Amino acid sequence: MNRTELVRHLHALAAAGKLPPAALARALALAAPSSVDWRRFLERLLAALGGLLCLAGVVYFVAWNWAELPRLVKLGVLEAGLVLLVLAADRLGLARLPGRLALLLAALGIGPLLAAYGQIYQTGADGYALFRGWALLMLPWVLVGQSAALWLAWLAVADAALVLWGLTHYGFEQAFYGVPQQALLALNLAALAGWELVLRHRRGSRLGPRLIVAAAALQLTVLALSGIFDDAAPRWIAPVCVAAAVAAAVVYRRVVPDLHPLACLAAALVVTITAGLGEALLEADHDLDIAEWLLLALAVVGQSALVGRVLRQLARELPR
């Protein structure tokens, strides 16, 4: 079993009374990352940083010499970089880290190529059109690569496209509670559900779904706050967001035990409940006095203490 499964198994043995506290502490110490693990981590980190710096170097070379380079040279340099990266990915193989990294850099390089094309020919397209085209052109490579990093990069580009589309067509305010924000939340929830259903049983880091949960929890909070404070927003948004956060917390407590998503969802609930209480006090009295501010402070302290106590308890039961 991998380290996450091992730690979870050790905690289960301790909870069943089959492993004394001292033995549990010793076992967890032995399960800590070794020097080989740290070396593998540093190799991957430095390889990723080196690849990103090389890609940035190509982009900045074109940008710095923009006035002197002919238009075909500008596009040719960027396209040549993409071709070389794709050939490197094919040569190295997607089963190895260098091959997957080369394909990821090629996918990220599509954006600068589209930006350069739009700048050279002055297409006049909106900003979201660039990210939309970027996401569409990335998708085949993402499906071929089957890499967690590629999926996360594609999701970030698609999210950026939706945000810019909402700001362009709906304005700043409605982008937070209208169709754009709801579409953004639906996309991230769909990506999260797909990840947990398809990729959960593969060995590897849980960083991907945890990042998506953090983004979804932030979007739920924004939607809930808009429903509480914005008179133009539908009143049903906040209760639906709270119900969705509670349902997700149940899933990550019972079905896919994971502490990090529970912490993100708990923070979203604390912010939403406190905002709802503050709005109720404002409706009763348009100007909060010192006692009402103290009540809000006590509510925050009480919720934080309760959440901290529950999370500490869960930390002893769930895998880290």
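Which helix does Val83 lie in? Val83 belongs to helix H4, residues 71–92.

1. Basis. This is a predicted model, in which local features need pLDDT of at least 70, side-chain atom pairs count only at pLDDT 80 or more, and totals for chains, interfaces and linings use all residues. Residues are numbered from 1 along each chain as its sequence is written, and side-chain values use heavy atoms, with hydrogens and water left out.

2. Val83. Helices here are DSSP runs (H or I, at least four residues), numbered from the N terminus. Val83 in H4 is partly exposed at 47% relative accessibility; buried means under 20% relative accessible area, exposed over 50%, and partly exposed in between (1.4 Å probe, protein chains only). Pro140 is 57 residues from Val83 along the chain, and their C-alpha atoms are separated by 15 Å.

3. Leu164. Helix H7 (residues 148–174) contains Leu164, which is partly exposed at 29% relative accessibility.

4. Nonpolar patch. Trp38, Phe41, Leu42, Leu45, Leu46, Leu49 and Leu52 make a nonpolar surface patch of about 690 Å². Patch members have over 30% relative accessible area and no salt bridge, and nonpolar side chains (Val, Leu, Ile, Met, Phe, Trp, Tyr) are joined within 5 Å, like charges within 9 Å. Areas come from the Shrake-Rupley method with a 1.4 Å probe. Leu46, one of the patch residues, is found in helix H3 (residues 35–64) and is exposed, with a relative accessible area of 58%.

5. Salt bridges. The whole structure has two salt bridges, each defined as a side-chain nitrogen of Lys or Arg within 4 Å of a carboxyl oxygen of Asp or Glu. One joins Arg39 and Glu43 at 3.3 Å, N to O. Because Arg39 and Glu43 are four residues apart in helix H3, about one helical turn separates them. Arg39 is exposed at 59% relative accessible area, while Glu43 is partly exposed at 45%.

6. Asp258 and Arg210. These two side chains form a salt bridge, with the closest N and O atoms 3.0 Å apart. Asp258 lies in the loop between helix H10 (237–255) and H11, and Arg210 in helix H9 (residues 207–229), so the pair ties together parts that are 48 residues apart in sequence. Both Asp258 and Arg210 are buried.

7. Helix packing. H11 (residues 259–284) packs against H12 (residues 290–315) at an angle of about 165 degrees, with axes 10 Å apart. H11 is therefore roughly antiparallel to H12.

Notes: Helix = DSSP H or I, 4+ residues; strand = E, 2+ residues; numbered from the N terminus. Axes fitted to C-alpha atoms, helices over the stretch in contact; angles between N-to-C directions. Parallel < 35°, antiparallel > 145°, perpendicular 65-115°, else oblique.
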